[in-house]
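Have the viewer open as you read.

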Amino acid sequence: MTGSAGPAIGTRVVDILAALRPLAPFFCLYVTFGATLGFLSGGAPLILRARGVELAEVGLLQLINLPVGLTFLWAPLLDRLRLPILGHRIGWIAAAQAASVLLLVVLSLGEAWPLPALLALAIAACACVATMDIALEALVVETVPAERRAFVASAKLCGASLGGILGVGVLVGSYDSLGWRGAVLACAALDALCLLPILGYRESRLRETRSAGAGTAAGAGPERWSGSLARLRRLGGRVLVLGAYFAASYLVGGPNTLALLDLGVPLGQVGTLTGTVLPAVNLVMALAAGWLAARFGTVRLIAVGALGVLASGGLMVVACAGRVPDLGITAAVLGFVAGGFLGVPVFNMIYRWAQGPKPATDYALLFGAAFFAAMPLRVAAPALAGWIGWPGYFAATLPLYAAAVAWLAVAVDRTLRDDGAAR
């Protein structure tokens, strides 16, 4: 028995690695997405708040993420035009990633430049990363079978979480030793290295295989190219559902680290929570969520996660009202864990809703336009908290979050029922 166990375990490990290998190109690019955005926009709000900058001004740094919400404006070009390099989607991925690397190199030279110039470069780099992301998501929709997209969604969240650890926990945490130039160049080098695996991805062959196996069901026949506004009319209801969810999720969970600073938690500890604990929790939850959704059901998993987020918000109300930093930390960690339940189901459903003849445009609308719709609240949230106080702020966000998640669960359940009926 013992003698046969070793080879059996070895064979199983080899099988697992073989199954994970196709996910590596997606994982690597999602690492760069999390690291770049984490480095550009994750650490700065905490550092500035610790230096005494007003909450309203800290909220303006959310504008660095603005291109993520505006990708629907240029996504139709990614669907319509093919660059004269590599495949259709991989060509755009390579071009956007190379541009982000170049912008980061330029940014590394500007430690003493005026803040508006640095902000403009950061927004431009974010636009390149966001463009890479929608091209990558279109590649997933076109080349990955529906039954395997949950694994890609897990790889997405795992990669983004690891990227967050590198971009905030490592680069920002090592800022004193690396300095501005070293930290920014390290981020650029990571982006360049993580581009390499996708260059060997067999886009054309996999697209042909999927088309042959699926017939015309996915695209429902040829369709003329149409602008994003025309597509928005078709996807408007789902964009509203996602926009409400993204906005409510940020309102209840996004500013909690700023609240911890105001409770007296040291910046280093808050930085560890943001740059290490949060991404690590997201990584673990992303690995587990696909299995949990398959075992217990997607809607049930969303409900469990939502109840946990609501509980964490309630604890944050008590912590802020009673000035109890340890309870605030507990509430924040609980929010990280509970929110992690929802990531894979939500992005897997976005893939499902983007399945059609124009996946880059549809994904950009479903994610980007929804993210953009939530942007005003993301910018205003710290100012609102400064106006009414943290206890009142968190108490006001809880019913909004409950309503938004209930709306999301209904939309997801309807889609799953329609898919079942179609089969």
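The paragraphs below go from the ring contacts to the cysteines and end in a loop.

First, a word on the ground rules. This is a predicted model, in which local features need pLDDT of at least 70 and side-chain atom pairs count only at pLDDT 80 or more, while totals for chains, interfaces and linings use all residues. Residues are numbered from 1 along each chain as its sequence is written, and side-chain values use heavy atoms, with hydrogens and water left out.

Let's begin with the aromatics. Searching the whole structure turns up five aromatic pairs. Here, rings of Phe, Tyr and Trp (its six-membered ring) pair if their centres lie within 6.5 Å; planes under 30 degrees apart count as stacked, over 60 as edge-to-face and the rest as tilted. One of the pairs joins Trp390 and Tyr393, edge-to-face, at 5.7 Å centre to centre and with 85° between the planes. Why are these two about one helical turn apart? Because they are three residues apart in helix H18, which spans residues 390–422. Helices (H or I, at least four residues) and strands (E, at least two) are DSSP runs, numbered from the N terminus.

Tyr393 also pairs with Phe394, again edge-to-face, with 5.2 Å between centres and 80° between planes. As for exposure, buried means under 20% relative accessible area, exposed over 50%, and partly exposed in between (1.4 Å probe, protein chains only). Trp390 is buried at 9%, Tyr393 is buried at 1%, and Phe394 is buried as well.

The charged end of Lys156 sits over the ring of Phe33, 5.8 Å from its centre. The criterion is that NZ of Lys or CZ of Arg is within 6 Å of the ring centre and within 35 degrees of the ring normal.

Now for the cysteines. How many disulfides does a search of the whole structure find? It finds zero, where a disulfide is a pair of cysteine sulfur atoms within 2.5 Å. For Cys126, the closest cysteine sulfur is in Cys128, 9.2 Å away, so the distance is too far for a bond. Cys187 is likewise in no disulfide, with the nearest cysteine sulfur, that of Cys194, 9.9 Å away. Both Cys126 and Cys187 are buried, each with a relative accessibility of 0%.

Our last stop is Arg323, in the loop between helix H15 (298–322) and helix H16 (325–353). Its phi is near 55°, a positive value in a residue other than glycine.
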